[in-house]
Amino acid sequence: MKKNSLLIILALFAAQAQAQSDTLALSKAVRIALEQNLDIRVAQQSQRIADKQENWGQAGFLPNVSANAAYSYSQTDVQQQLAVGSDTSGAPAPIREFNDAVAENYSAGINASYVLFDGLGRINNLHKLQLQKEQSEVQLRFTIENTLLQVFSAYFNLAQQSEQVDIARESVKLSLKRYQRAETALELGSQSRLEALSAQVDLRRDSVALLNVQNSLEKGLRELNRLLNFPIDTSYAFETQLDYRSDLIFGSLLTEAMQNNAALIQAQIARDINRKNLNIAWSDRLPEIAANAGYSYSRQDNEGGFLRFTQNTGWNYGLSAQWNIFSSYRSQTAVEVARIAIFQSELSQEKAKQQVQTDLANAWLDYTNARKVLDLERRNLKVALINFERSEEAYALGNITNVQLREAQLNYISTKASLNSLRYQLKLAEIELQRVAGVLMQNTP
């Protein structure tokens, strides 16, 4: 039994060592998550990409300007005979030969083109890019809200588990006290060996429960470290003081949700993007008018040619028009698909609205129920504590059995553990309400 007692003491010291670590405040954990969480950082890069793509040039409003230059060299043997004779006799012209004749060509130019009209496709492309940028911002907020919810859940789980360790340690202490009392009674001959063995079994069972809670605490710590992008074995203590809001009203939350819920806003933006896609599809069926202008330079030097050199310089400009009269029904298909996509996105928007209303109603139900159950459990804990204290007194007087005392102890410990769990459930229900209403980031510490 001395060996078992040593193991119990070591387990208690392990729990106390956790409590002696530096404390990580919830507000600090939130700030770290916003800066270092990998999911948030990935979403931030997606938002940066959308921000870069939202510009006039990407929409096609700016002209295309290109420059070109070329040079070529050749050295060849050339034989030439003119088609016209050299005199009036009609004799063929002599053959001229040029050995190692060098020919060089130079060219350079700059050209610009600009679409004057494309069926309003560019303006719709610009609006689409603006909507996609807005969509990426909402997606970033959606990611942040979900990540914060995970951080809150992981943090409160750790705080709950740390208090569960204290509760389990208290249970071990009570069982150890009962076992020592049974051993003393056995030595005095006032109780049988059966009472001592029963107390020993309960002590070991409570010790196993303590180790299991500590194991859960370690796993929860690693999960929070992952969310905060910390080294996996970083250790710290947690705040266990909870402050509850008393100003939450369902009607106000519902109004906020219809205006601010990230999923609902994403559905609305998706619908607007599909409307722009329809306009873009229509623009492909209209004519396109473009203007172009340029300046060019070219020169040719040829030792074996009729002309020793040729040089051209000058401006060129013009207009072009194109009208896609028939494209194998591709334009018509694009229009029809865009219309279907709009109807589909409107259905998705209605579905998202229903989902938000359902999620908010369920979250409110969980919140109000948690408050009621927490109030009942607090009163129940007072009764369970009184019952256990009186049972201890009755057991010391020999009025109840070891089994009855154990039952009173279990009722007290389980009620205390349940109350501890309900405290954090209420806080998480409160946070979930704010997330669904789209105001979590506004109220985050």
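Q: Where does Glu 104 lie?
A: Glu 104 lies in strand β3, residues 95-117. Helices and strands are DSSP runs numbered from the N terminus: a helix (H or I) has at least four residues, a strand (E) at least two. This is a predicted model, where local features need pLDDT of at least 70, side-chain atom pairs count only at pLDDT 80 or more, and totals for chains, interfaces and linings use all residues. Residues are numbered from 1 along each chain as its sequence is written, and side-chain values use heavy atoms, leaving out hydrogens and water.

Q: OK. Which residues is Glu 104 in contact with, leaving aside neighbours within four places in sequence?
A: Tyr 71, Ser 72, Tyr 73, Arg 299, Gln 300 and Asp 301. Contact means heavy atoms within 4.5 Å.

Q: And what separates the C-alpha atoms of Glu 104 and Ser 74?
A: A distance of 6.5 Å. Along the chain, Glu 104 and Ser 74 are 30 residues apart.

Q: Zooming out. How many helices and strands does the protein chain have?
A: The chain has 10 helices and six strands.

Q: How much of the chain counts as buried?
A: 37% of its 445 residues. Buried means under 20% relative accessible area, exposed means over 50%, and partly exposed is in between (1.4 Å probe, protein chains only).

Q: What share of the contacts with a separation of 6 or more comes from residues 24 or more positions apart?
A: They account for 82%.

Q: New topic. How many salt bridges does the structure hold?
A: It holds 22. A salt bridge is a side-chain nitrogen of Lys or Arg within 4 Å of a carboxyl oxygen of Asp or Glu.

Q: Which residue forms a salt bridge with Asp 202?
A: Arg 406 does, with the closest N and O atoms 3.6 Å apart. The pair links distant parts of the chain, 204 residues apart. Asp 202 is in helix α6 (residues 193-228), and Arg 406 is in helix α10 (residues 402-436).

Q: Are those two buried or exposed?
A: Asp 202 is buried at 7% relative accessible area. Arg 406 is buried too, at 8%.

Q: Which residues are linked in a network of salt bridges?
A: Arg 178, Asp 202, Arg 205, Asp 206 and Arg 406.

Q: What about Arg 169? Which residue is its salt bridge partner?
A: Asp 166, with closest N and O atoms 2.7 Å apart. Both lie in helix α5 (residues 121-188). They are three residues apart, about one turn of the helix. Arg 169 is buried, with a relative accessible area of 12%. Asp 166 is partly exposed, at 38%.

Q: And Asp 233, which side chain does it meet in a salt bridge?
A: It meets Arg 222, at 3.5 Å from N to O. Asp 233 lies in the loop between α6 and β4 (237-238) and Arg 222 in helix α6, so this pair ties together parts 11 residues apart in sequence. Asp 233 is exposed, with 59% relative accessible area. Arg 222 counts as partly exposed at 37%.

Q: Switching to helix packing. At what angle do α8 and α9 cross?
A: Roughly 170 degrees, with their axes coming within 8 Å. α8 covers residues 262-283 and α9 covers residues 330-396. Axes are lines fitted to C-alpha atoms, for helices over the stretch in contact, and angles run from 0 to 180 degrees between N-to-C directions.

Q: Roughly parallel or antiparallel?
A: The crossing makes α8 roughly antiparallel to α9. Angles over 145 degrees count as roughly antiparallel, under 35 as roughly parallel, 65 to 115 as roughly perpendicular and the rest as oblique.

Q: How do the residues of that contact divide?
A: Into 14 nonpolar, six polar and five charged. Ala, Val, Leu, Ile, Met, Phe, Trp, Tyr, Cys and Pro count as nonpolar; Asp, Glu, Lys and Arg as charged; the others, Gly among them, as polar.

Q: One more residue. Is Glu 430 buried or exposed?
A: Glu 430 is buried, with 1% relative accessible area. Its place is in helix α10. Not counting residues up to four places away, Glu 430 touches Asp 243, Tyr 244, Arg 245, Leu 248 and Tyr 367.
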